[in-house]
Amino acid sequence: MSTIRYIPIEKNFHGSSYVFPVELAQKGNGDWVAWIATLPGCTAWGFSKDDALHALSAMARVYVRRLLDRGLQIPAEVETVNTPVVAVTL
């Protein structure tokens with residue numbers, strides 16, 4: 001079975017999408033923690049995997065905006081795509 005990396009959904013998009021591998025772990029109390037290793041300190045938690053991933057997505061958006069606003073580089077190992085993307089995690 002082949003893997004689809006991204007599907008372009010808009011022709012006149014003038015931005016970038018960033019694709020991050022995410023690490024997930026369940027804590028002893030049942031909560032979930034998620035983090036992006038390539039963005040040090042970019043971590044979030046939730047009562048479920050979905051909660052943690054949703055919170056991490058919002059955190060990553062803020063993190064990347066702050067990097068760009070400060071004129072800093074996105075880490076080289078981060079996949080950058082010049083089209084909008086939709087990711088589905090099951």
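User: What is the strand order in the open sheet?
Analyst: In this predicted model, the open sheet of 3 strands has the order β2-β3-β4, with antiparallel pairing. Strands are DSSP runs of E with at least two residues, helices are runs of H or I with at least four residues, and both are numbered from the N terminus. Two strands pair if DSSP finds at least two bridges between them.

User: Which strands stand at the edges?
Analyst: β2 (23-26) and β4 (43-46) do; each has a single partner strand, so one side of each lacks a neighbour in the sheet. The twist from one strand to the next averages 20 degrees.

User: How many bridges join β2 to β3?
Analyst: 4 bridges join β2 to β3 (residues 32-35), and the two run antiparallel. Ala25 stands opposite Val33 in β3.

User: And what packs on the sheet?
Analyst: Helix α1 (residues 49-69) does, touching β2, β3 and β4. Contact means heavy atoms within 4.5 Å. The direction of α1 makes about 150 degrees with that of β4; axes are lines fitted to C-alpha atoms, for helices over the stretch in contact, and angles run from 0 to 180 degrees between N-to-C directions.

User: Changing topic: what does Phe20 touch?
Analyst: Not counting residues up to four places away in sequence, Phe20 touches Ile36, Thr38, Leu39, Ala60, Val64 and Val78.

Conventions
Residues are numbered from 1 along each chain as its sequence is written. This is a predicted model: local features need pLDDT of at least 70, side-chain atom pairs count only at pLDDT 80 or more; totals for chains, interfaces and linings use all residues. Side-chain values use heavy atoms; hydrogens and water are left out.
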